[in-house]
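I opened this entry to keep track of what I looked up. My notes follow the order in which I checked things.

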Number of protein chains: 2
Amino acid sequence: MNAKEKALIEAKANILKALGHPTRLWMAEQLAGGEKCVRELAKNIDADFSTISKHLSILKQAGVVDVDKRGKQVYYRLKVPCILNFMPCVEAVLQATAQSHIELMQHKQVVSEIEAL
Amino acid sequence: MNAKEKALIEAKANILKALGHPTRLWMAEQLAGGEKCVRELAKNIDADFSTISKHLSILKQAGVVDVDKRGKQVYYRLKVPCILNFMPCVEAVLQATAQSHIELMQHKQVVSEIEAL
DNA sequence: TGCATATTTGGTCGTTTTACCATACGTGAA
DNA sequence: TTCACGTATGGTAAAACGACCAAATATGCA
């Protein structure tokens, strides 16, 4: 892996990392419905404003969101909305994992039934 | 946000977080070409085997990869291959960010030219 | 059985992340 | 200008992360 490839993979990982926190992912999903100011985003999160502000700045520095100050408010919006097209596949991973667990449980069930004979 | 929604968003964020590390993202991309054993994956990474193994276990516990032991080797593969369909959009974010930087630079250039008058 | 290979696990340690609090900054209204 | 509101920044402490080394485990072969 040369330096350019390495830099690219680091940049991409950084974006995924920015979305890899519940609060930040939630905020990104909220922004799918259009821009929102910090106060609106904070409304449903149980955390300090400073915490929320820092999360938003992480999303911003990752390039996930864009900022627009208008009057006293600061509005955030998704910079590249396709970022959330990913979610159905992420949910598929969750389902596949849940399915594995079910199968594992069933397997254990069968094993213990056999052992009980 | 109720408990169920919270759990869902945490689970999704956890998957993104798992992919949010250069080494893990790189390994996931390698697996797009089909299953590989640890040694093969390690070949192009400059890190201890134990480090690589731990990264793989994070991917596994996140449900991104599946494991299959065959003989002395342990083979890893993507559990839900669509996970990498996301990359083009991630790259679009990078491009958009790069574009902003260019525009910012151009803007600064213009400003300094004006100021030089 | 004993050994080499392939991978994982446990321990340690420096770094990063995250949350909170206090405080600063910027803006519009009075 | 002063105040209140909305948001950002700095500091700090606890927790999580990531890398390495050493040691453990599992497998196939001599």
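Predicted model: local features only at pLDDT ≥ 70, side-chain atom pairs only at ≥ 80, totals over all residues.

I then checked B:K17. One of its polar side-chain atoms is 2.8 Å from a phosphate oxygen of DNA strand D. For A:V74 the atom belongs to the backbone, an N or O, and it lies 3.4 Å from a phosphate oxygen of DNA strand D.

Next I asked which elements give two or more residues to the surface near DNA strand D. In chain A I noted helix 3 (38-42), helix 4 (49-61) and strand 3. In chain B I noted helix 4 (49-61). That helix 4 of chain B gives the most, with four residues.

Then I turned to rings. How many aromatic pairs are there over all chains? I found one. The partners are A:F86 and B:F86, and the pair is stacked. Their ring centres are 3.6 Å apart, with 0° between the planes. An angle under 30 degrees counts as stacked, so this pair qualifies.

Why does the pair join two chains? A:F86 lies in the loop between strand 3 (73-78) and helix 5 (87-116) of chain A, and B:F86 lies in the loop between strand 3 (73-78) and helix 5 (87-116) of chain B, so the pair joins the two.

In chain A, the charged end of A:R70 sits over the ring of A:Y75, 4.2 Å from its centre. In chain B, the charged end of B:R70 sits over the ring of B:Y75, 4.3 Å from its centre.

Along the sequence they run α-α-β-α-α-β-β-α. Of its 117 residues, 34% are buried. Chain A exposes about 6900 Å², and carbon and sulfur atoms supply 53% of that. For contacts in chain A between residues at least 6 apart in sequence, 51% join residues at least 24 apart.

How values were computed:
Residues numbered from 1 in each chain as written. Chains lettered and ligands numbered in written order. Heavy atoms only, no water. Phe/Tyr/Trp six-rings, centres within 6.5 Å; stacked < 30°, edge-to-face > 60°. Lys NZ or Arg CZ within 6 Å of the ring centre and 35° of its normal. Buried < 20%, exposed > 50% of the residue type's maximum accessible area, 1.4 Å probe, protein only. Contact = heavy atoms within 4.5 Å. Areas by Shrake-Rupley, 256 points an atom, 1.4 Å probe, with all protein chains shown as cover. Polar contact = N/O pair within 3.5 Å; in protein donor to acceptor, adjacent residues only side chain to side chain.
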